[in-house]
Amino acid sequence: MTGYGKTEITFRTHKLICEIRSLNSKTMDLSVRLTPALRARELELRTIVSQRLERGKVDLFISEESAISNQSSVVSPVNWAAAKEYARQYTEQFGSPVPAEVMASILRFPDVLKQQEDTSDLTDEEWSDIQAMLNKALDAFIAFRTQEGAALQAMFTEKLDGIADLLAQVEPFEKGRVAKIKERLEQNLAQLSAETQAQIDRNRLEQEMIYYLEKLDITEEKVRLTNHIKYFRETMLAEGNGVGKKLGFIAQEMGREINTLGSKSNQSEMQIIVVKMKDILEQIKEQVLNVL
């Protein structure tokens, strides 16, 4: 399930920003990018995230923003050799001394102005603040997922209602279908010659006709599909791990019943209804992957 959470705190001379993002994944796939001061704590940060999130392709970013002006800043060393080389190339190219504004730009080049990384050990208070920051970002992340889950539940309810409505539309066609099939069979028999009709075993014919009509009966499929829809609704409201997988299994069973309805439907109106059911079910299957 997708999700996003962000928070920030003041950390030493910088602003520390924590972001958590996720995409769909069947397992927990956690990627971590940390500021140098926190790299020694990566395992502990991973543990905090893994304890609160079940699965997903999760990215954790903790980065530092520019130095805070109202606090003592860390002086960044200048690579004077690189700065002189840039100045020399400028003079050689343009035949004039380097203007002050150009020199100021040179001193901001990445290989000239090297940011000093603060990798000193964290104090207990700093580590506590960072843990609180991460948990706050996780709270926002989980709230985002909860909101998305409510939207998914509403969507599933709408789609299930659609399948149930289509299933109800099958009934009017089903009532007259068997009678029409039986009538057609009898008309075909009537066209046989009198000699052939005399040789037919009427009892056996009745048995075969009953067997054939039973093969076209869709009562069981309708009952099972209705039960699957009901079970899907109940499972949506369940809590705990593996709900998404269970919903996926139920959707597969719904697909089997709908396919059987289609194979037994020998009327174009019923087949159109079955196609509409399949279309709605595919939409459900796509979104089930977003459920934990």
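Student: Into which class does Glu8 fall at 41% relative accessibility: buried, partly exposed or exposed?

Tutor: This is a predicted model, in which local features need pLDDT of at least 70 and side-chain atom pairs count only at pLDDT 80 or more, while totals for chains, interfaces and linings use all residues. Residues are numbered from 1 along each chain as its sequence is written, and side-chain values use heavy atoms, with hydrogens and water left out. Buried means under 20% relative accessible area and exposed over 50%, with partly exposed in between (1.4 Å probe, protein chains only). At 41%, therefore, Glu8 counts as partly exposed.

Student: Which residue forms a salt bridge with Glu8?

Tutor: A salt bridge is a side-chain nitrogen of Lys or Arg within 4 Å of a carboxyl oxygen of Asp or Glu. The partner of Glu8 brings its closest N atom to 3.6 Å from the O atom, and at 29% relative accessibility this partner is itself partly exposed. The residue is Lys15.

Student: Which residue in strand E2 is the bridge partner of Glu8?

Tutor: Helices (H or I, at least four residues) and strands (E, at least two) are DSSP runs, numbered from the N terminus, and two strands pair if DSSP finds at least two bridges between them. Strand E1 (residues 3–11) and strand E2 (residues 14–23) run antiparallel and are joined by 9 bridges. The bridge partner of Glu8 in E2 is Ile17.

Student: How many of the 10 residues of strand E2 are buried?

Tutor: Strand E2 belongs to a hairpin with E1, which has 2 residues between the strands, and there Arg12 takes a positive phi near 55 degrees. Strand E2 is mostly covered, and its number of buried residues is 7.

Student: Why are Glu220 and Arg224 separated by about one helical turn, and how many residues apart are they?

Tutor: Glu220, which is exposed at 52% relative accessibility, forms a salt bridge with Arg224, the closest N and O atoms being 3.4 Å apart. Both residues lie in helix H7 (residues 219–236), and they are about one helical turn apart because their spacing in that helix is 4 residues.

Student: How many aromatic pairs does a search of the whole structure find?

Tutor: A pair of aromatic rings is described by the distance of the centres and the angle of the planes. Rings of Phe, Tyr and Trp (its six-membered ring) pair if their centres lie within 6.5 Å, and planes under 30 degrees apart count as stacked, over 60 as edge-to-face and the rest as tilted. The number found is 3.

Student: What is the angle between the planes of Tyr86 and Phe109?

Tutor: The two rings lie 4.9 Å apart, centre to centre, and their pair is edge-to-face. Tyr86 is in helix H2 (residues 80–94), whereas Phe109 is in the loop between helix H3 (100–106) and helix H4 (124–190). The angle between the planes is 90 degrees.

Student: Which residue lies over the face of Trp127?

Tutor: A charge sits over a ring if NZ of Lys or CZ of Arg is within 6 Å of the ring centre and within 35 degrees of the ring normal. Here the distance from the ring centre is 4.5 Å, and the residue is Arg41.
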